[in-house]
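Biologist: I'm new to this one. Could you walk me through how to read it?

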Amino acid sequence: MKKYIIQSLRLTGVLMVLLCVIYPLTIAFIGRLSPGEGSGEKVLKNGKVVGYTLIGQSCTKPEYFWGRPSAVGYNAAGSGGSNKGPTNADYLKDVEGRIDTLLKYHSYLKKSDIPADMITASGSGLDPDISEQAAIIQIRRVAANRGLTDRAVAELVVKNTEGPLFGLFGPSKVNVLKLNVALDELKK
């Protein structure tokens, strides 16, 4: 029995060093090599941090682009989805409310023109990106509320659209915070 206790203590010691020292130091080192050096890639406006590229924010002003809805109120400390399925009455009510809001502010749209990412929350509730189509449908509203031409705002959307990963994986996307900061700079 003493033999098994000694083996267990040795294994525990090895795993503690591996999982409590080596692994965290490796992850911290890798984080230092990433954009933002492991603290997140900050978005600056006039030298002031206004957010992070990988964390979505709430924006409902008509002169700005809107991001994906959030099931967690954009609370980065409580990331998660709603866990409501497509047959849940509360979920359907939320989606219909989002559709009604979009149609109210985008009278030129039909219900069928609305991309799914504008009415459904992401799994994390913090998705910072919208599809290219979701940005395109908002151009007229943003331009009208800022006194800009549709063309000027559309060019800004094109400049801020990221293609699929490695040109192959996933759709084109637009980071809403970066786009809105660029929009404020365009106004100057």
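Modeller: Exposed means over 50% relative accessible area, buried under 20%, and partly exposed in between, using a 1.4 Å probe and protein chains only. Helices (H or I, at least four residues) and strands (E, at least two) are DSSP runs, numbered from the N terminus. This is a predicted model, where local features need pLDDT of at least 70 and side-chain atom pairs count only at pLDDT 80 or more, while totals for chains, interfaces and linings use all residues. Residues are numbered from 1 along each chain as its sequence is written, and side-chain values use heavy atoms, with hydrogens and water left out.

Biologist: Which residues are buried in α2?

Modeller: An α-helix has 3.6 residues a turn, so residues three or four places apart point the same way. Here Y91, V95, I99 and L102 are the buried ones. They sit on the same side of α2 because they cover an arc of only 75 degrees around the axis, taken from the directions from the helix axis to the C-beta atoms.

Biologist: What caps the N-terminal end of α2?

Modeller: That's N88, with a side-chain oxygen 2.8 Å from the backbone nitrogen of D90.

Biologist: How do I read a nonpolar core?

Modeller: In soluble globular proteins, nonpolar side chains tend to be buried together. A nonpolar core is a set of buried Ala, Val, Leu, Ile, Met, Phe, Trp, Tyr and Cys residues joined through side-chain atoms within 4.5 Å. The largest one here has 25 residues, and F65, I114, M118 and I130 touch the most other members. Helices α2, α3, α4, α5 and α6 each supply at least two residues of this core. Leaving aside residues up to four places away in sequence, F65 touches C59, A135, I139 and V153, among others; contact means heavy atoms within 4.5 Å.

Biologist: And in what order do the three strands of the open sheet come?

Modeller: Strands of a sheet pair through backbone hydrogen bonds, either parallel or antiparallel. In this sheet the order is β3-β5-β4, with antiparallel pairing; two strands pair if DSSP finds at least two bridges between them. The edge strands, β3 (129-131) and β4 (161-162), each pair on one side only. Three bridges join β3 to β5 (residues 173-175), and S131 stands opposite K173 in β5.

Biologist: Where does F166 lie?

Modeller: F166 is in the loop between β4 and β5. Its phi is near 55 degrees, a positive value in a residue other than glycine.

Conventions:
A polar contact is a pair of N or O atoms within 3.5 Å; within protein, one must be able to donate a hydrogen and the other to accept it, and residues adjacent in sequence count only if both atoms are side-chain atoms.
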